[in-house]
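Please read the dialogue with the model in view.

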Amino acid sequence: MSALDVTFVTADRTVWSGQASMVVVPAIDGSMGVLPQMQPTLAVLDSGLVRITAVEGEPLERRVHGGFVSVDGDVVTIAVDDAERVAVNA
């Protein structure tokens, strides 16, 4: 099975970089899932959650308020102004 090479950045830091099996982003026209071997895509992001399912390890969730996602082959780049940690309800 192939994997996605994901880079998730803000204006001042790398939030996460690595291999993932799936990425879900809040595109301006609705939630968009990204899987390996997807067609090249460029989408503007709205406010919502970015969810990255790493090939190995815990899933990552961050709240964003705009930005963009680029998919080219199995390379995914997510660029946003800020990525806030999501509070976990206990």
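The dialogue below moves from the whole chain to single residues.

Q: What kind of model is this, and how are its residues numbered?
A: This is a predicted model, in which local features need pLDDT of at least 70, side-chain atom pairs count only at pLDDT 80 or more, and totals for chains, interfaces and linings use all residues. Residues are numbered from 1 along each chain as its sequence is written, and side-chain values use heavy atoms, with hydrogens and water left out.

Q: How many helices and strands are in the protein chain?
A: Helices (H or I, at least four residues) and strands (E, at least two) are DSSP runs, numbered from the N terminus. Here the protein chain has 0 helices and 7 strands. The radius of gyration, taken over C-alpha atoms, is 12 Å, close to the 12 Å that the globule rule (2.2 Å times the number of residues to the power 0.38) gives for 90 residues, so the protein chain is as compact as a globular protein of that length. Its C-alpha trace spans about 35 × 30 × 25 Å along the principal axes.

Q: What percentage of the residues in the protein chain is buried?
A: Buried means under 20% relative accessible area, exposed over 50%, and partly exposed in between (1.4 Å probe, protein chains only). By this reading, buried residues make up 37% of the 90 residues.

Q: Which residues does valine 50 contact, leaving aside its neighbours within four places in sequence?
A: Contact means heavy atoms within 4.5 Å. Valine 50, in strand E4, is in contact with Phe8, Val24, Val25, Pro26, Leu60, Glu61, Arg62, Val64 and Ile78, its neighbours within four places being set aside. Valine 50 has a relative accessible area of 0% and is therefore buried.

Q: Where is aspartate 46 found?
A: Aspartate 46 also belongs to strand E4, residues 41-54. With a relative accessible area of 33%, aspartate 46 is partly exposed. Not counting residues up to four places away in sequence, aspartate 46 touches Pro26, Ala27, Ile28, Val64, His65 and Gly66.

Q: With which side chain does the side chain of aspartate 5 make a polar contact?
A: A polar contact is a pair of N or O atoms within 3.5 Å; within protein, one must be able to donate a hydrogen and the other to accept it, and residues adjacent in sequence count only if both atoms are side-chain atoms. The side chain of aspartate 5, a residue of strand E1, makes such a contact with the side chain of glutamine 19, at 3.1 Å. Aspartate 5 is partly exposed at 36% relative accessible area.

Q: Is threonine 10 buried or exposed?
A: Threonine 10 has 7% relative accessibility, so this residue counts as buried. Threonine 10 lies in the loop between strand E1 (4-9) and strand E2 (14-27). Its side chain and that of aspartate 12 are joined by a polar contact of 2.9 Å. Beyond four places in sequence, threonine 10 touches Val15, Val80, Asp81, Asp82 and Ala83.

Q: What is the phi of glutamine 37?
A: Most residues other than glycine have a negative phi. Glutamine 37, in the loop between strand E3 (30-34) and E4, has a positive phi, near 65°. Its relative accessibility of 65% counts as exposed.
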